[in-house]
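Biologist: I'm new to this one. Can you put it up and walk me through it?

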Amino acid sequence: MENNIIIASDVLSDAVRLESANKETSKIIYELVTEISEQFLKNNAMVVAIVENNSCSIDGIQQMLGCTFGKGNLKFKDNGKHVYTFYSRGNDKALRIYLKYNLSEKVGNFNKKFNEGTLTAEDEKQMFERRKEAIKHLMEAPEEELFDVQWVEIEEPKKARLYPSLTCENCGETFMEIKGRTIDGKIVCKECFQKLVH
Ligand SMILES: [Zn+2]
């Protein structure tokens, strides 16, 4: 069992690491998925990914683990953190991976200049070089330098539910009932509520 835990954490760490570096690694992805299936997802238990940012790392998780919003097994917590928790239904286990490697720190203040629109051609070249070096390091660095990985106890994530629809009394469009609001005695969608509230 201990071995399984180590393998599972290695595999999932690699999954996050690979996509963080935005690499084309279809062969490795295939191997990862195979290993995850064997080691982590026993009894075909479904994995639920709880992600705490909406960066390109999530594309990798969707692609590699098949966790998507549509299937209800991808949950987004808007914390702006590189934290990924994988919960295995059936096994009632959750693996929390924190990517502690700070890529933007390595790139320096170029991001700030980029946002301000003051990046010169020379800056851009340097930024690209630094980023390339940082990614190279990211790909080669030992796990301990990049990730904090731990098993955690979490509540079982709620399964996807179907909610009834209501029609907005302001715009006439339908919306999910639990997202509705009332204003001036009318039941309205959230979007209209934000326009009408004063
Ligand atoms: Zn509306």
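Biologist: Of the contacts in the chain with a separation of 6 or more, what share is between residues 24 or more positions apart?
Modeller: That share is 59%. Keep in mind that this is a predicted model.

Biologist: How many helices and strands are there?
Modeller: The chain has 8 helices and 9 strands.

Biologist: And how much of the chain is buried?
Modeller: Buried residues make up 22% of its 198 residues.

Biologist: Which residues of the largest nonpolar core touch the most other members?
Modeller: Val47, Ala49, Ile61, Cys67 and Phe86 do. That core has 20 residues.

Biologist: New topic. Where is Pro157?
Modeller: Pro157 sits in the loop between β5 and β6 (165–167).

Biologist: Why does Pro157 count as partly exposed?
Modeller: Because Pro157 has 17 C-beta neighbours inside 10 Å. Buried would take 20 or more, and exposed 12 or fewer.

Biologist: What is Pro157 in contact with, leaving aside neighbours within four places in sequence?
Modeller: Val48, Ile50, Lys75 and Tyr87. Take Lys75: it is 82 residues from Pro157 in sequence, but their C-alpha atoms are 8.5 Å apart.

Biologist: Which residues does the UniProt domain annotation cover?
Modeller: Residues 163–196, as "Zinc finger DksA/TraR C4-type", from an unreviewed UniProt entry.

Biologist: How far apart are the end C-alpha atoms of residues 163–196?
Modeller: They lie 24 Å apart. The span is 21% helix and 35% strand.

Notes
Residues are numbered from 1 along each chain as its sequence is written. This is a predicted model: local features need pLDDT of at least 70, side-chain atom pairs count only at pLDDT 80 or more; totals for chains, interfaces and linings use all residues. A nonpolar core is a set of buried Ala, Val, Leu, Ile, Met, Phe, Trp, Tyr and Cys residues joined through C-beta atoms within 7 Å. UniProt positions are given in the numbering used here, feature names are shortened, and annotations may be inferred rather than shown by experiment. Helices (H or I, at least four residues) and strands (E, at least two) are DSSP runs, numbered from the N terminus. Two residues are in contact if their C-beta atoms, placed from the backbone, lie within 7 Å.
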